[in-house]
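I opened my notebook to look up how one chain is put together, step by step. Here is what I wrote down, in the order I looked.

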Amino acid sequence: MTASIILVEHPAEHALFDGALTCEVVLPARFDAGARVLMQAPSEALLKGLAVAEDVRGEDPDDRKEATPTQQRIEAKLDLVLSLLGRLARSQHETLPATPLRWSHRGLRLDVVSPQDLAVGVAGVVTVQPATWLSDHIELPATLLAQAEGSQGMQHLWLQFDTLGAGLAEAMDRHLFRLHRRQIAEARQSQHAARP
């Protein structure tokens, strides 16, 4: 209970999330300290491709009801192929740890299990796998705004995005909007399922 109060009251929460569309999800992610030049085009392309794929896939459960049986079979086969490719890619590369995070267009809070000895203000790169079904990631330049110890050995890192290109910022906003819409749809579905 105390940890959640600290998070809500922490100034970094206000700086990154007040008045912004936010999503709380668990995704593979990590922060690596150390400034480096990032090419933002690959991350922008991945988010744009993901938007097209998810719009076609009909992530909204209401949209899925309109798909024909043939479309559903093709989609299921595509999901299986992507899952297989994802497993092959993960076996060849280092995997990112599943991490609870809170995400807005200004930055994110990572709740990491392995404490890191970092100085506030250090620049680095946030690596996030934006979709669990796709084993690829985006890289976002960020600066450590604040950190705090949480419960059960958890460490909270508040990371503020550094200068993002207009295309990447727009693609990320669209992705956050889809995540937010999906969370609302899932909450609505669970409410309907809970009713007698």
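**Entry 1: terms first.** I count two strands as paired if DSSP finds at least two bridges between them. Helices (H or I, at least four residues) and strands (E, at least two) are DSSP runs, and I number them from the N terminus.

**Entry 2: what I am looking at.** I noted that this is a predicted model, where local features need pLDDT of at least 70 and side-chain atom pairs count only at pLDDT 80 or more, while totals for chains, interfaces and linings use all residues. I number residues from 1 along each chain as its sequence is written, and side-chain values use heavy atoms, with hydrogens and water left out.

**Entry 3: the hairpin.** I looked at the hairpin of strand 5 and strand 6, which has five residues between the strands. There, Q152 takes a positive phi near 55°. Strand 5 (residues 138–149) pairs with strand 6 (residues 155–161) in the antiparallel sense, over seven bridges. I picked out A148, whose bridge partner in strand 6 is H156.

**Entry 4: following the pairing.** Which strand pairs with strand 5 over six bridges? I found strand 4, again in the antiparallel sense; G124 has A142 of strand 5 as its bridge partner. Strand 4 (residues 123–128) also runs antiparallel to strand 1, with five bridges, and F31 is partnered there by V126. Strand 1 (residues 23–33) is joined to strand 2 (residues 98–103) as well, by six antiparallel bridges. In that pair, V25 stands opposite L101.

**Entry 5: one serine.** Next I looked up S104, in the loop between strand 2 and strand 3 (107–112). Is S104 buried or exposed? S104 counts as buried because its relative accessibility is 0%; buried means under 20% relative accessible area, with a 1.4 Å probe and protein chains only. Its side chain reaches the backbone oxygen of L16 at 2.7 Å. Leaving aside neighbours within four places in sequence, the contacts of S104 (heavy atoms within 4.5 Å) include L16, F17, F161 and M172.

**Entry 6: the whole chain.** I stepped back and found six helices and six strands, following the pattern α-α-β-α-α-α-β-β-β-β-β-α along the sequence. Of the 196 residues, 37% are buried. Among contacts between residues at least 6 apart in sequence, 74% join residues at least 24 apart.

Technical notes
Buried means under 20% relative accessible area, exposed over 50%, partly exposed in between (1.4 Å probe, protein chains only). A polar contact is a pair of N or O atoms within 3.5 Å; within protein, one must be able to donate a hydrogen and the other to accept it, and residues adjacent in sequence count only if both atoms are side-chain atoms.
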